[in-house]
Structures are given as structure tokens and as C-alpha cells.
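Subject: Handing over a structure, with notes

Hello,

I am passing a protein structure on to you, and I would be glad if you kept it open while you read the notes that come after it.

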Amino acid sequence: MFWAAFSGATRRTGLIPLFGNPEAERTSITGLVIEELYRRVLPILLTNLDSIFQHDNAPIYTAYVIQDVLAKMEIEPPHSPDLNPIENLWALLKAKIYELRPDLLHMQNNDTTKEILVATAQQAWDKLELRHLEHLSETMPHRVEAIIESQGWYTPY
């Protein structure tokens, strides 16, 4: 699992690989992993008072520990997936990864492949053009308008 954030075309974090918690029951990404990430990164990223923090709809973000840390930071993210441009960005990133390393599709699932994937994903993230981030940010007014017009129902986003 990877985590990244962007703010318009001018600011973005690096692509941060998240590794499971070996002490967790299923050794997966836990709320504690995300909590530590948010405490470390969000204060730096959200320096503008007009900033809106939006994360995707992964179930991990509904964990109480995540809701608590966001409340303590006075952050209330919008909950509409139609307002979230990050899904579009993940698709661009995936395409760039396979452009750089098409052989990843056929590699065995092992630690070496994981290392290659992490390095390639970070390289792909750095190669994504800033114009894509700018475009996704500029779509926000249209996304909001579409939600209002659909009265909260399905939108093309």
C-alpha cells in the first residue's frame, strides 16, 4: 500500500510505501500505522488555512484511531468519493509504473519483486507531470457542482 498527497500543482508529498504491522493479527496496515503517518505529515502539508484534506474510502480511514487523530488536528475530511481526485491519480500512477517496468506484470510475488515495485512506484510518482495534479485540483469546482445538481446521487466523477 502506498500513501501520497498533493495540493494543487505546487505541492506534493513523496510516495510513501506503507508496510503492515507485524504485530497485528493479519500483519496488514492498521490504524496505528496511518495515525503515525498523519501526525508526521499532515501538519506540514496543511499549512494553508483554506486547505481541505481528503482521503479515499479505504476502510482503514474509518478506524476510531484515525477519526480521533483527525479530530485532534481539527480536520474533517469530506466523505464523498465524487469529491476525491486521488483515484484518478492512482490510475495515472499505475500506468506510469507499468510504462517504466512492464515486466512487473509477470514477476513472482516475493520480496525482490516488492522492492522493485516500491522503487518503481516512487520513481513513477516523481515522473508524474505537475499538470496532472493541477488539472485534478481544477476539477474540484466541477465536482462540487455535479454533486449539487445530482442532489447527492451519482455523478460522472
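The notes below begin with the whole protein and then turn to single residues.

Please keep in mind that this is a predicted model, in which local features need pLDDT of at least 70 and side-chain atom pairs count only at pLDDT 80 or more, while totals for chains, interfaces and linings use all residues. Residues are numbered from 1 along each chain as its sequence is written, and side-chain values use heavy atoms, with hydrogens and water left out.

The whole protein

The protein has six helices and four strands, where helices (H or I, at least four residues) and strands (E, at least two) are DSSP runs numbered from the N terminus. Read from the N terminus, the order of the elements is β-β-β-β-α-α-α-α-α-α. Of the 157 residues in the protein, 36% are buried; here buried means under 20% relative accessible area, exposed means over 50%, and partly exposed lies in between, with a 1.4 Å probe and protein chains only. The protein exposes about 10300 Å², and carbon and sulfur atoms supply 54% of that area, which was computed by the Shrake-Rupley method with a 1.4 Å probe, where for residues only the protein chains shown count as cover. Among contacts (heavy atoms within 4.5 Å) with a separation of 6 or more, 63% are between residues 24 or more positions apart.

A buried threonine

T120 sits in helix α4, which covers residues 111-127, and its relative accessible area of 5% makes T120 buried. If residues up to four places away in sequence are not counted, T120 touches I97, L100, R101 and L104.

Salt bridges

There are five salt bridges in the structure, each being a side-chain nitrogen of Lys or Arg within 4 Å of a carboxyl oxygen of Asp or Glu. One of them joins the side chains of R40 and E36, at 3.1 Å from N to O; both residues belong to helix α1 (residues 31-45), where they are four residues apart, about one turn of the helix. R40 is partly exposed at 44% relative accessibility, and E36 is partly exposed at 43%.

Another salt bridge links the side chains of K96 and E99, at 3.5 Å from N to O. These two residues are separated by about one helical turn, because K96 and E99 are three residues apart in helix α3 (residues 86-100). K96 counts as buried at 18% relative accessibility, whereas E99 is exposed at 55%.

A further salt bridge is formed by the side chains of E129 and R131, at 2.5 Å from N to O, and E129 is partly exposed with a relative accessible area of 41%.

Two loop residues

N110 is found in the loop between α3 and α4 and is partly exposed, with a relative accessible area of 31%. The side chain of N110 reaches the backbone nitrogen of T112 at 3.1 Å.

In general, most residues other than glycine have a negative phi. E74 lies in the loop between α2 (64-72) and α3, and at 77% relative accessibility E74 counts as exposed.

How values were computed: A polar contact is a pair of N or O atoms within 3.5 Å; within protein, one must be able to donate a hydrogen and the other to accept it, and residues adjacent in sequence count only if both atoms are side-chain atoms.
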